[in-house]
Amino acid sequence: MESKTRGGFVIAGSVIGFLGFVLPSLYGATYEPPPGSPLAHTVLTSLKDFGGGVGGGNFAVFNGFAGPVNFHPTLYSLIALTLIGIVGLNWNIDNAALIAKVAGYSVSAVAMLWPIAQFIWEFRYDRTPAAIRDAFVADLGGGQNAVTAAQYVHGELGLGTLILAFGLLVAGVGVKPIVGWPLLGVTVTGFVVLVAVGN
């Protein structure tokens with residue numbers, strides 16, 4: 001695949017990924033304590049790390065700029081990918097990726113997807129990512145009541161996360177086609193199988 005085509009894949013993936021990043025549906029959080037529990041009157045969206053989302057009260061949906069989970073490294077990946085894609089449209093994309101690597105920034109498909117894959121993996125079996133509960137406990141001062149109340153905080157995986165991951169997979173095809181194509185194929189196939197089995 002020539003550099004210009006690969007650059008197009010990288011830019012397209014970056015745009016798709018950024019769309020998933022900015023949509024207020026990257027992930028959500030709810031707080032549903034039983035009545036009478038010590039921190040039952042806590043309003044989730046009034047806590048420091050849970051502001052800036054869409055919603056209110058004890059439910060909020062966040063994008064990559066807000067909420068308790070730090071998605072800034074992913075934003076930096078998207079910016080770096082966009083720059084690499086622009087270079088790929090005009091010069092050799094492998095040189096751009098090499099410069100990024102020498103500068104200490106890995107643009108491999110695995111390095112880009114790893115934080116998102118870990119985040120998605122933490123939702124398996126109705127679990128909530130530790131970053132959401134840790135932020136809740138910290139915002140309430142870290143006491144035993146906060147730790148107990150954190151069991152009533154639940155995260156929800158949003159469509160934005162899947163769009164972001166798909167965008168990074170598309171960009172990965174442009175960065176390193178020999179790894180990107182199989183990774184994209186396996187992921188899409190796995191997703192189709194999960195949807196088919198779920199129905």
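Contact here means heavy atoms within 4.5 Å. I note the source first: this is a predicted model, where local features need pLDDT of at least 70 and side-chain atom pairs count only at pLDDT 80 or more, while totals for chains, interfaces and linings use all residues. Residues are numbered from 1 along each chain as its sequence is written, and side-chain values use heavy atoms, with hydrogens and water left out.

**Entry 1, the chain.** I looked up the secondary structure, with helices (H or I, at least four residues) and strands (E, at least two) taken as DSSP runs numbered from the N terminus. The chain holds 8 helices and 4 strands, in the sequence pattern α-β-β-β-α-α-α-α-α-β-α-α. Of the contacts with a separation of 6 or more, 72% involve residues 24 or more positions apart. I took buried as under 20% relative accessible area, exposed as over 50% and partly exposed as in between (1.4 Å probe, protein chains only). By that cut-off 40% of the 199 residues are buried.

**Entry 2, the sheet.** I counted two strands as paired if DSSP finds at least two bridges between them. The open sheet has 4 strands in the order E2-E3-E1-E4, with antiparallel pairing. Its edge strands are E2 (54-56) and E4 (153-157), each pairing on one side only. Neighbouring strands are turned by 15 degrees against each other on average, direction ignored; axes are lines fitted to C-alpha atoms, for helices over the stretch in contact, and angles run from 0 to 180 degrees between N-to-C directions. I checked E2 against E3 (residues 59-62) and found antiparallel pairing over 3 bridges. Val54 stands opposite Val61 in E3. Helix H5 (residues 130-139) lies across E1 (27-31) and E4, at about 145 degrees to E4.

I found Ala171 in helix H7. Ala171 counts as buried because its relative accessible area is 0%. Leaving out residues up to four places away in sequence, Ala171 touches Phe9, Val10, Gly13, Ser14 and Leu81. Gly7 is 164 residues from Ala171 in sequence, yet their C-alpha atoms are 8.6 Å apart.

I read accessible areas from the Shrake-Rupley method with a 1.4 Å probe; for residues, only the protein chains shown count as cover. The chain exposes about 10,400 Å², of which carbon and sulfur atoms supply 67%. Leu159, in helix H7, counts as exposed because its relative accessibility is 56%.
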